[in-house]
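Work through the exercises below with the structure open. Each task is followed by a stepwise solution.

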Amino acid sequence: MKKGNLWKAWNQGMTSRQRHNVTGYLFMSPFLLFFFLFTIIPVVTAIILSLTSYNMIETPQFVGLTNYRLLLMDDGEFITALKNTFVFAFISGPISFFGSFVMAVLINRLKKGRNLFSLLFYAPTLVSSVAISVVWLYFFSGDRYGLINNALIGLGLIGEPIQWTSNTSVLLWVVIIVSVWTSMGVNFLTFLAGLQNVPTDIYEAGQIDGVKNAFQELCYLTLPVMKPQLLFAAINMTTAAFGVFDIAVAIAGMPSPDYAAHTLVAHLYDYGFIRFEMGYASAVAVVLFAISYLLGRLFTRVFREN
Amino acid sequence: MAAVKGRSVKIAGRHLFYFRFSQVLLYLFLTLLVIFTAMPLVYVATTAFKPLDELFIFPPRFFTSHPVLDNFNGLLVTLDNSSVPFSRYIFNSVLVSALVVLGTLVISTMAAYGLVKHQPVGSNVIFALILAALMFSPHVTQIPNYMVVEKLGLLDTYWALILPKVAVAFNMFLMKQFMEQLPNEYIEAARIDGACELQIFAKIVVPFVKPAIATLVVFSFVNTWNDYFTPLIFTSSGQMKTLPLAIQSIAGGAGASSLATAGTMAAATFVTMIPTVLIYTLMQSKVINTMSYSGIKG
């Protein structure tokens, strides 16, 4: 059969709706194959695995909720990881979110040079966090010659150098500072793009309605229009903040001194890919999934458009 | 607002530019902030070109008076004599990133077209799943992914670094949002002219979504190029490592940073950051154009 005839037969055999269904799924099929194979099915598998004991060699043994009980009752490192991850997420997340919003608002007010300032502000996001952590380690070096210790001693704020990367009470803060520095990017772009898209006529209407200054303008006019962008950014921020791993490992090592910068993903990596206790590690993954997914749903409610 | 242009600055009666105090303050403030955010990067760039004797000066200098290429030579020559040459890591990173970018572009553009412009039965469910997948980090699925990759016999191959990363919810979401801006009339007109689906896709859809394609190139490239977790899990031999892992081993492992390798490290970091910064700079305006449609209607 010639190609033209095949096309004709294809067109005649179906209603328009059926044709759309078939064509739609044909176009989606490569994506769906990989999306289900590496994202959707794995989430379900992780939930099932978390109820088993599995070491990759023997068949998985069903153990019910034992893994979760062990995590919560018997695993001090997990509790540390959970606490650190929450502290990290609840400090670095909001700072990064509001910081990038303020930067986007300010850069958007510039008359000239927006692209240059955007690039310079976004650049840290473009760099491998493992690679750039080495520079930060040098800045945070624990002796008097470390750039930051040197500056603080010079200003008279501290007398003795601080052991930034081995002192367990400041270690997590170093990780937070470096993370905030690298993580402003994507949200910043989302906000900047959102601001540039706000229709200008709402500001004229606002002046008639008695909006007096730039701050009121932001609260009453700009923010409501930007809700969808705020939601997208909030979700990305949550996902990234709870998935903290690279920088923590690069700054603090694995395991970190006294587990001071141990995170959920570090715990997952430890049990999954060092000890090969796949069931137990899956329970950690499910906890991580549950926390970030629930926060995602919460933000969806907060930023719902009326 | 737009009417207020500020004070006109004149020389010999000719208008030069408008001067607004608030704008000047803004530029000053932003310049200070940007100096702070860009400082570590500038430090890497200058240190990479410092000669050996300047690396050890105290207090450290930001800029060098005699830029040299010694550190890059060190990176390529000395490390070439070790078991795995540094050029191999560059090759691995380039190959893997290029294939991931290509793969994710092709399948996301196709899928977004199928989803948005054909709206087959169940497209709501699929979109809901994509939205849900935005809400957790890829680490959640690493253990089952590892099992799949192991079963397929792909551990420690390039495929293990590529296949799990092509169908990314974030990329698909951005492409879908942009695809919605394509007017249906364009497609209908082509259909009436007798174009088949593949022609419509190639001649109308792809040219229209070019800004979104540019954006996915940036995000997908940056993400893969800098990815540390995937190669950490899926590769075991030195031959298969990518740049972030290689840099970590040059640094002498986590937590350690010795001055002896400072120059080589800076050169390695510099080499690593150039491609991402370059690609972003080239595509910046298209990225911002695409991100305008990134909002989620809650």
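## Domains, core, contact and a bent helix

**Exercise 1.** In this predicted model, find how many residues of domain 1 and domain 2 of chain A are in contact.

*Solution.* Four residues of domain 1 of chain A contact six residues of domain 2 of chain A. Next, sort the domain 1 side by class: four nonpolar, no polar and no charged residues. Then take the bounds: the assignment gives 3–49 for domain 1 and 77–302 for domain 2. Finally, take the centres over C-alpha atoms: they are 38 Å apart.

**Exercise 2.** Which residues of the largest nonpolar core touch the most other members?

*Solution.* The core has 178 residues. A:Val175, A:Ala248, A:Ile251, A:Val284 and A:Ala285 touch the most other members. Now place the core: domain 1 and domain 2 of chain A both contribute residues, so it lies between them. Zoom in on A:Ala285. Leaving out residues up to four places away in sequence, A:Ala285 touches A:Ala46, A:Leu268, B:Val140 and B:Ile143.

**Exercise 3.** Describe the contact between chains A and B.

*Solution.* Count each side: 93 residues come from chain A and 79 residues from chain B. Helix H2 (residues 16–49) gives the most to the chain A side, with 20 residues. By class, that side of chain A holds 62 nonpolar, 25 polar and six charged residues.

**Exercise 4.** Where does H14(B) bend?

*Solution.* Start with the span. H14 (residues 262–291) of chain B has 30 residues. A straight helix would reach 44 Å at 1.5 Å a residue, but the end C-alpha atoms are only 38 Å apart. Then locate the bend: about 65° at B:Met283.

Methods:
Residues numbered from 1 in each chain as written. Chains lettered and ligands numbered in written order. Predicted model: local features only at pLDDT ≥ 70, side-chain atom pairs only at ≥ 80, totals over all residues. Helix = DSSP H or I, 4+ residues; strand = E, 2+ residues; numbered from the N terminus. Expected span 1.5 Å × (residues − 1). Bend = angle between axes of the 7 residues up to and from the residue. Contact = placed C-beta atoms within 7 Å. Nonpolar A, V, L, I, M, F, W, Y, C, P; charged D, E, K, R; others polar. Domains from an automatic or database assignment. Core = buried A, V, L, I, M, F, W, Y, C linked by C-beta atoms within 7 Å. Buried ≥ 20, exposed ≤ 12 C-beta atoms within 10 Å, placed from the backbone.
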